[in-house]
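Below are my notes on the contact between the two chains. Please read them alongside the model.

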Amino acid sequence: MSSPATILYCRCAYAQVVPTGVKNDVLQQLCASEASFETVSDLCEMAAHRDPRLQAIAACSKLRIAACYPRAVKGLFQQAGFPLPAETEILNMRTQTAAEITESLLRSDS
Amino acid sequence: MITHTHRPLRVVLYEGSGSIALPAESRAKVMMALLDQGYTVTRSGHGASAVPHDDRSLLVLGAFEGRAPALEDATGLVSIDTRDITGLAPDAIVALVSKSRGDKPMNEPGKWKPWFPVIDYSRCTNCMQCLSFCLFDVYGVSEDNKIQVQNNDNCKTNCPACSRVCPEVAIMFPKYQAGPINGDEINESESGREKIKVDISSLLGGDIYSALKDRSAAAKSRFSKERSPDKALDERKKCLTKLVGDGFIPADVLASLPSTEEILKKAEIAKAKAAAALAAQ
């Protein structure tokens, strides 16, 4: 059996650019599951400070991130000095539905 | 360089062996409240990998039924604090976290907006136009002659002007509302924009503002609504005006900032840097 994915949820708490309904629904569905997952208040805020925790996140295998536009998320990590692995899956809470996102986040690879 | 450097406390909502799981609704309420206050929260359950801990303090919350274990990091690098949340309502759990944190400083949402440019290096051609356009030294050049964002804190909140004039659509502001500045995919009309190279020095031969406006009129049909030199220029001017209005920059200091001569000089320096960077590639 393969190792489980690492799930990361960004709350975008420092600016209200992600629809509240979508980000709440995604978090509620993650909470309703039995999965372990990581949540951060705001990836932009962490990138602005070159937060070393981003390095720990980027080092995870099978990373799935619920945040915003993939181009922006990749750029944030790269600019902070911790580029994401190419296979990282980024789900966009600004354009996708909560159901689509949660399904991808909690998908089993086995 | 960056002044808002207090890292968030990592809270672990432990629901593994030895702890009773919270109802899903309570779990979601607690996590939303903590995230909205700026905390980083790990839900420790089943079926996914956790991000490894780093050198911060951990606050472990669990329904331990009055028997919160005393934990110690085997490496000695992380301080671990455990709290029993058995029977506590979500509000009480959030209050417990605040109490445990005490007066340790932490960045908090609402007090600052993370507003700064993010370069898409898959598109950037190192032309240095952003460096010469920005009046606030947000951009710089790395040791290997690559354009980079060096002074996030200098960026003026809600001003995406440099993004609008980037000829490669390579500058993003993730907190901006509209695409492609917010990082959205770039459509064909934006890609057409890539072919337009702007010689900043030639633009600034006369009055900076009228020169840019003339330039924008000529290229108007090729610019999208969200990416225009007109908007960029207006935003830069608004930004400067607001800084004066707020008292951040005295009028006399402002007057010395964007003179044509200085901008021309800056453009020449950027041009030289760009040439050197290109030659080194």
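1. Between them, chain B and chain A bury about 4500 Å², and 55% of that lies on carbon and sulfur atoms. Buried area here is the accessible area (1.4 Å probe) that two parts lose on being put together, summed over both. On the side of chain B, B:Arg43, B:Val51 and B:Lys175 lose the most area to chain A, together 15% of what that side buries.

2. This is a predicted model, in which local features need pLDDT of at least 70, side-chain atom pairs count only at pLDDT 80 or more, and totals for chains, interfaces and linings use all residues. Residues are numbered from 1 along each chain as its sequence is written, chains are lettered from A in the order in which they are written, and side-chain values use heavy atoms, with hydrogens and water left out.

3. Chain B brings 56 residues to the contact and chain A brings 48 residues, where contact means heavy atoms within 4.5 Å.

4. Four salt bridges are found across the interface of chain B and chain A (a side-chain nitrogen of Lys or Arg within 4 Å of a carboxyl oxygen of Asp or Glu). One of the salt bridges joins the side chains of A:Glu38 and B:Arg10, at 3.2 Å from N to O.

5. A:Glu38 also stands opposite B:Thr42 in β2(B). Strand β2 (residues 37-40) of chain A pairs with β2(B) in the antiparallel sense over three bridges. Strands are DSSP runs (E, at least two residues), numbered from the N terminus, and two strands pair if DSSP finds at least two bridges between them.

Note on methods. Helix = DSSP H or I, 4+ residues; strand = E, 2+ residues; numbered from the N terminus.
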